[in-house]
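User: I have a structure to go through before I set anything up. Can you take me through some side-chain details?
Analyst: Go ahead; here it is.

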Amino acid sequence: MPTRQTSGVLYIHSAPRALCPHVEWAVAGVLGVRVSLDWTRQPAAPNLWRAELSWQAEPGTATRLTSALRGWEQLRFEATEEPSSGAEGERYSSTPDLGVFHAVTGVHGDIMVTEDRLRTAMMHAARGADLAEELNTLLGRPWDDELEPFRCAGDGAPVRWLHQVG
């Protein structure tokens, strides 16, 4: 029986040069293939590097990539996964200061917020929290604000496609 496949992109927005080979090894461990990324300087941060990797593999790969990379010093990254048969899409964003943000995404890339998460935000607001701030956190706004300068600096960067081995 063929395995289900989906696709996604891993955006390494910033990594110190010494960390780059470790990122490649971690990604290779998840994908099961040799990985050699096209690293370019990150214009938004001197002495840091960036890379992108488009992949095709089984659903859950973005989760595994994020687990392999989370918590590394000066590493900023995002991992996305397209929806597939029986699985919603996903988006992970990670920064050294904020940690990991996770969101379920719909077929058009929109963040899907569950009823329970909305109810919790409303409960926090009823206890004095700012509802707009609660909703911005649910949508990943703090991560977007921190990552946006690094995203813009990556326009025109090379992208490599990799396929997971069966």
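Analyst: One term before we start: a polar contact is a pair of N or O atoms within 3.5 Å, and within protein one must be able to donate a hydrogen and the other to accept it. Also, this is a predicted model.

User: Fine. Which side chain does Ser14 join in a polar contact?
Analyst: That of Arg76, at 3.0 Å. The side chain of Ser14 also reaches the backbone oxygen of Gln74, at 3.3 Å.

User: Where is Ser14, and is it buried or exposed?
Analyst: Ser14 is in strand β1, which covers residues 6–16. Its relative accessible area is 0%, so it counts as buried.

User: What does Ser14 touch?
Analyst: Leaving out residues up to four places away in sequence, Ser14 touches Leu48, Trp49, Gln74, Leu75, Arg76 and Phe150.

User: Back to Gln74. What about its phi?
Analyst: Phi of Gln74 is positive, about 65°, although the residue is not a glycine. Gln74 lies in the loop between α2 (61–69) and β4 (76–81). With a relative accessible area of 35%, Gln74 is partly exposed.

User: And what is phi for Asn47?
Analyst: Near 70°, again a positive value in a residue other than glycine. Asn47 sits in the loop between β2 (40–41) and β3 (48–57). Asn47 counts as exposed because its relative accessible area is 62%.

User: Switching to aromatics. How many pairs?
Analyst: The count is one aromatic pair. Phe101 and Trp143 form it, with 5.1 Å centre to centre and 35° between the planes, and the pair is tilted. It links distant parts of the chain: Phe101 is in strand β6 (residues 99–105) and Trp143 in helix α5 (residues 141–152), 42 residues apart.

User: Why is Trp143 counted as buried?
Analyst: Because its relative accessibility is 10%, and buried means under 20%. Phe101 is buried too, with a relative accessible area of 4%.

User: Last topic, the surface. Which residues form the nonpolar patch?
Analyst: Leu118, Met122, Leu131 and Leu135, with about 320 Å² of accessible area together.

User: Which helices supply them?
Analyst: α3 (115–126) and α4 (131–138) each supply at least two residues of the patch. Leu135, for one, is in helix α4.

User: How exposed is Leu135?
Analyst: Partly exposed, with a relative accessible area of 31%.

Notes: Residues numbered from 1 in each chain as written. Predicted model: local features only at pLDDT ≥ 70, side-chain atom pairs only at ≥ 80, totals over all residues. Heavy atoms only, no water. Helix = DSSP H or I, 4+ residues; strand = E, 2+ residues; numbered from the N terminus. Buried < 20%, exposed > 50% of the residue type's maximum accessible area, 1.4 Å probe, protein only. Contact = heavy atoms within 4.5 Å. Patch = residues over 30% accessible without salt bridge, like charges linked within 9 Å, V, L, I, M, F, W, Y side chains within 5 Å. Areas by Shrake-Rupley, 256 points an atom, 1.4 Å probe, with all protein chains shown as cover. Salt bridge = Lys/Arg side-chain N within 4 Å of Asp/Glu carboxyl O. Phe/Tyr/Trp six-rings, centres within 6.5 Å; stacked < 30°, edge-to-face > 60°.
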